[in-house]
Amino acid sequence: MDLFATCSVPASSGRGRRKAARGVLEVDDDLAFPGEFTPAPIRLLRNNGNGTFTDTTAEARLPIAAHAIAIVPTDFDNRRDIDLLVVNRGGPPMLLQNVRDGTFRDVANETGLNEVKGSSSVAAGDVNKDGYTDFFFGRVDAAGLFAISDGKEKFKMVPAPSGTEFVGASQFLDYDNDGLLDCVLLTAKGLRVLRNVSNNWIDVTETAVGASASVPGISFSAGDIDNDGDTDLVVLSPEGNVSVLRNDGGNKNNSLRIALTGKVSNRNGIGTKVETRAG
């Protein structure tokens, strides 16, 4: 397994540039993030198979730095390789297409993702069941955006419903096990649940999470923690407290559990695509 790494700002940036005055280091608090902060380096580390890595960033023709807040490895063009979506704070994302010769090419402009500005989170999944990856972009001061793939390496931007501003975390998951990926958002006002009804999104926050909608959080994880066939949520508060939201309705519909084991390549089968049909 190789490693692709970056972050928002280098550790040396701290809270801003430090300036010397009469022998005393002072923090300049007037700098605005991210524009006035130094971008963080991007690194692609190739696994040598012997416990060491080699920096292949330059060979792969990757950008050297970014204000990255999220990285999504996904085969957006269905060419059976790993592409990289890098979400930047304060600018459009980079969609690094795997050229299959050891290099990557940024195709954000060609695909239409350059329209996305001011991202604060991202989710990836096939929301319309056409076999291609779609995205949701949370934004800092505007409603979120769905980027729906047309299957021809272009994305159509679809605004999310109102009330999806200031999204700090987002995930696609099928909370009601109806076969369509829904969208769960963690906003400044708490959780929001958008139900996927094939060609539209309905805000079902009140019925899906009720009073838990106001639970403050900075991040959340999703998974079937009680092994009953539906997806539960674990929310981390700004104070470090953890809230567990158990799903008590999604398992009314059937679910399928699959254990992947790599026979030739990676042990966990990472990157595998599974397609199931019923009825």
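A residue counts as partly exposed when its relative accessible area lies between the buried range, under 20%, and the exposed range, over 50%. Val99, at 38% relative accessibility, is therefore partly exposed. Keep that scale in mind for the residues below. The model shown here is predicted. Its protein chain holds two helices and 22 strands. The radius of gyration is 20 Å, close to the 19 Å that the globule rule gives for 279 residues, so the chain is as compact as a globular protein of that length.

**The chain as a whole**

- The C-alpha trace spans about 70 × 45 × 35 Å along its principal axes.
- Of the 279 residues in the protein chain, 40% count as buried.
- Take the contacts in the chain with a separation of 6 or more: residues 24 or more positions apart account for 40% of them.
- The protein chain exposes about 15,900 Å². Carbon and sulfur atoms supply 50% of that area.
- The chain carries 29 positive and 37 negative charges.

- Strand S1 covers residues 3-5, and strand S5 covers residues 43-47. Three bridges join S1 to S5, and the two run antiparallel.
- Leu3 stands opposite Leu45 in S5.
- S5 also pairs with strand S6, residues 53-55. Three bridges join S5 to S6, again in an antiparallel arrangement.
- Arg46 has Thr54 opposite it in S6.
- S5 and S6 form a hairpin with five residues between the strands. In this hairpin, Gly49 takes a positive phi near 80°.

**Strands S14 and S15**

- Strand S14 spans residues 145-149, and strand S15 spans residues 155-159. They run antiparallel, and five bridges join them.
- Leu145 has Pro159 in S15 as its bridge partner.
- These two strands form a hairpin with five residues between them. Gly151 sits in the turn, with a positive phi of about 80°.

**A buried strand residue: Ser119**

- Ser119 is found in strand S12, which covers residues 119-125.
- Its relative accessible area is 1%. The cut-off for buried is under 20%, so Ser119 is buried.
- Residues up to four places away in sequence aside, Ser119 touches Ile69, Val87, Asn88, Arg89, Phe137, Gly138, Arg139 and Val140.

**An exposed strand residue: Val242**

- Val242 lies in strand S22, residues 242-245.
- Its relative accessible area is 55%. Exposed means over 50%, so Val242 is exposed.
- Beyond its neighbours within four places in sequence, Val242 is in contact with Val234, Val235 and Leu236.
- Val242 and Asp77 are 165 residues apart in sequence. In space they are 37 Å apart, C-alpha to C-alpha.
- A general point on strands: in a regular strand the side chains alternate between the two faces of the sheet.

- Val99 is found in the loop between strand S10 (94-98) and strand S11 (104-106).
- Leaving aside neighbours within four places in sequence, Val99 is in contact with Phe104 and Arg105.
- Val99 and Asp81 are 18 residues apart in sequence. Their C-alpha atoms are 9.0 Å apart in space.

- Ser198 has phi near 80°, a positive value in a residue other than glycine.
- Ser198 has its place in the loop between strand S18 (190-196) and strand S19 (201-203).
- At 55% relative accessibility, Ser198 counts as exposed.
- Asn227 has phi near 55°, also a positive value in a residue other than glycine.
- Asn227 is found in the loop between strand S20 (219-223) and strand S21 (232-236).
- The relative accessible area of Asn227 is 55%, and this residue is exposed.

Notes:
Residues are numbered from 1 along each chain as its sequence is written. Side-chain values use heavy atoms; hydrogens and water are left out. Helices (H or I, at least four residues) and strands (E, at least two) are DSSP runs, numbered from the N terminus. The radius of gyration is taken over C-alpha atoms; the globule rule is 2.2 Å times the number of residues to the power 0.38. Buried means under 20% relative accessible area, exposed over 50%, partly exposed in between (1.4 Å probe, protein chains only). Contact means heavy atoms within 4.5 Å. Accessible areas come from the Shrake-Rupley method with a 1.4 Å probe; for residues, only the protein chains shown count as cover. Lys and Arg count as positive and Asp and Glu as negative; His and the chain ends are not counted. The place of a charge is taken as NZ of Lys, CZ of Arg, CG of Asp or CD of Glu. Two strands pair if DSSP finds at least two bridges between them.
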